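Colleague: I am new to this structure, and I would like to go through it with you step by step. Could we begin with the overall layout and then turn to single residues?

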Amino acid sequence: MAEEYHFNVVDATKAFSTVNKKLKEKILEVLEGEG
Amino acid sequence: MSSEKKIFFGRGLPYVDVSEFKGKLIVIEGTDGVGRTTQIEDLKKWLEVKGYGVVSTGWTRSPLMGRAIDVAKAGHNLNVHTFSLLYAADFADRLEHEIIPALKAGFVVLADRYIYTAFARATVRGAERDWIRSTFGFALEPDVVLYMKVNIENLIPRVINSQLFQYRYGELGSGESMDYWEAGMDLRLGEDF
């Protein structure tokens, strides 16, 4: 079963940068094997 | 890049050796209007700057089936099984010609939607859970699934203000509406049906 993470897009004006940062953190963990 | 052995979701593809795969499969899921495509465009550029080879792939975007799905959806006469099988054909084409070659070559694959979209759309329309999961049993398990969530109060303005909506209502004024299927209109849940 693949690992699954949820990110809340709450405020439309702030959503992109906030979610983007969290997505990047998680992707780096996966790519570098730190997760 | 770390290496963990890929596995198939179900029975898989017997002619594919997953031990050859060096890349990573990253799935971004979430409802229409949540910002998946914009995020993927940014993530692709960001990863490329960091030195990764990146391929992005999107739901119903296969050269083989993309057009056929558009035509079929325009007819409004699909049932849950034909709908799901069209999705499966689209996914199979992209898996074989985009995703697997990219993973073999060590690329990061960013998938805009994945089999979980098909599961949700089929299940809510009454398909048997085992049937839809078996239908997509040839899919690879992703390395990670990133699900973007939004509540209904924030989602509605995002969909209404989307470029697609502006295009359809603001410029064309053709009376077209939101996507019949993705809006779930075939489910006849509204009080005006």
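Modeller: Read along the sequence, chain B follows the pattern β-α-β-α-α-β-α-α-β-α-α, where helices (H or I, at least four residues) and strands (E, at least two) are DSSP runs, numbered from the N terminus. This is a predicted model, in which local features need pLDDT of at least 70 and side-chain atom pairs count only at pLDDT 80 or more, while totals for chains, interfaces and linings use all residues. Residues are numbered from 1 along each chain as its sequence is written, chains are lettered from A, and ligands are numbered from 1 in the order in which they are written.

Colleague: What is the order of the strands in the open sheet?

Modeller: The edge strands are β1 of chain A and β2 (54-58) of chain B, each of which pairs on one side only; two strands pair if DSSP finds at least two bridges between them. The twist averages 20 degrees from one strand to the next, with axes taken as lines fitted to C-alpha atoms (for helices over the stretch in contact) and angles running from 0 to 180 degrees between N-to-C directions. The open sheet has five strands with parallel pairing, and their order is β1(A)-β4(B)-β1(B)-β3(B)-β2(B).

Colleague: In β4(B), which residue is the bridge partner of H6(A)?

Modeller: β1(A) and strand β4 (residues 144-149) of chain B pair in the parallel sense over six bridges. Within β4(B), the bridge partner of H6(A) is Y147(B).

Colleague: Which residue in β4(B) stands opposite V27(B)?

Modeller: β1(B) and β4(B) run parallel and are joined by five bridges. I28(B) stands opposite L146(B) in β4(B), and the residue opposite V27(B) is V145(B).

Colleague: Which element gives the most to the side of chain A that touches chain B?

Modeller: The contact takes 22 residues from chain A and 25 residues from chain B, two residues being in contact if their C-beta atoms, placed from the backbone, lie within 7 Å. On the side of chain A, the elements that give two or more residues are β1 (3-8) and α1 (15-32). With 11 residues, the element that gives the most to this side is α1(A).

Colleague: Why do the buried residues of α4(B) lie on the same side?

Modeller: The buried residues of α4(B) are I115(B), T117(B), A118(B) and A122(B). They lie on the same side of α4(B) because they cover an arc, that of the directions from the helix axis to the C-beta atoms, of only 150 degrees.

Colleague: Is V124(B) buried or exposed?

Modeller: V124(B) has its place in helix α4 of chain B. Because V124(B) has 11 C-beta neighbours inside 10 Å, the residue counts as exposed.

Colleague: And is R113(B) buried or exposed?

Modeller: R113(B) is in the loop between β3 and α4 of chain B, and R113(B) has a positive phi of about 75 degrees although it is not a glycine. Because R113(B) has 21 C-beta neighbours inside 10 Å, the residue counts as buried.

How values were computed. Buried ≥ 20, exposed ≤ 12 C-beta atoms within 10 Å, placed from the backbone.
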